[in-house]
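Reader: Please show me the structure. Then take me through its side-chain pairs.

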Amino acid sequence: MILLASALEPTYVVEKSCPLCGGVFPATKARSKLRMVRQDTDFNMIYEQINPLYYSVWFCPHCGYAASESNFSDILDKQAEVLRKFLKNCQINMDFPGVR
């Protein structure tokens, strides 16, 4: 069975591992082949089904670490140490998988 691009959902889920705590969680990603409807005067692109910017930040529900998809795994040891100390006593009760 062959799926056409138009029949695919605009998002999909991947399993990610948090570079801070090592916890595994589902992260929702926007597909790269979205149909652009128009571009605003500030160069913001408007897409047909979803806004891919809503999916560009990933959040670990285990420890609270959040970063953009492109930088999520790029964390230095010193940064990780500071973030672990900061997030240590935080109560994390949020989860962001799915459509936004």
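Reader: Which side chain does Lys 29 join in a polar contact?

Author: A polar contact is a pair of N or O atoms within 3.5 Å; within protein, one must be able to donate a hydrogen and the other to accept it, and residues adjacent in sequence count only if both atoms are side-chain atoms. The side chain of Lys 29 has such a contact, at 2.9 Å. The partner is the side chain of Glu 69.

Reader: What should I know about the model itself?

Author: The model is predicted: local features need pLDDT of at least 70, side-chain atom pairs count only at pLDDT 80 or more, and totals for chains, interfaces and linings use all residues. Residues are numbered from 1 along each chain as its sequence is written, and side-chain values use heavy atoms, leaving out hydrogens and water.

Reader: Is Lys 29 buried or exposed?

Author: Buried means under 20% relative accessible area, exposed over 50%, and partly exposed in between (1.4 Å probe, protein chains only). Lys 29 has a relative accessible area of 18%, so Lys 29 is buried.

Reader: How many salt bridges does a search of the whole structure find?

Author: One joins Glu 48 and Arg 35, with closest N and O atoms 2.5 Å apart. Another joins the side chains of Asp 40 and Arg 38 at 3.4 Å, N to O. With Lys 29 and Glu 69 also forming a salt bridge, the search of the whole structure finds three.

Reader: What kind of aromatic pair do Trp 58 and Phe 72 form?

Author: Rings of Phe, Tyr and Trp (its six-membered ring) pair if their centres lie within 6.5 Å; planes under 30 degrees apart count as stacked, over 60 as edge-to-face and the rest as tilted. The centres of Trp 58 and Phe 72 are 5.7 Å apart. Their planes are at 65°, so the pair is edge-to-face.

Definitions and conventions:
Salt bridge = Lys/Arg side-chain N within 4 Å of Asp/Glu carboxyl O.
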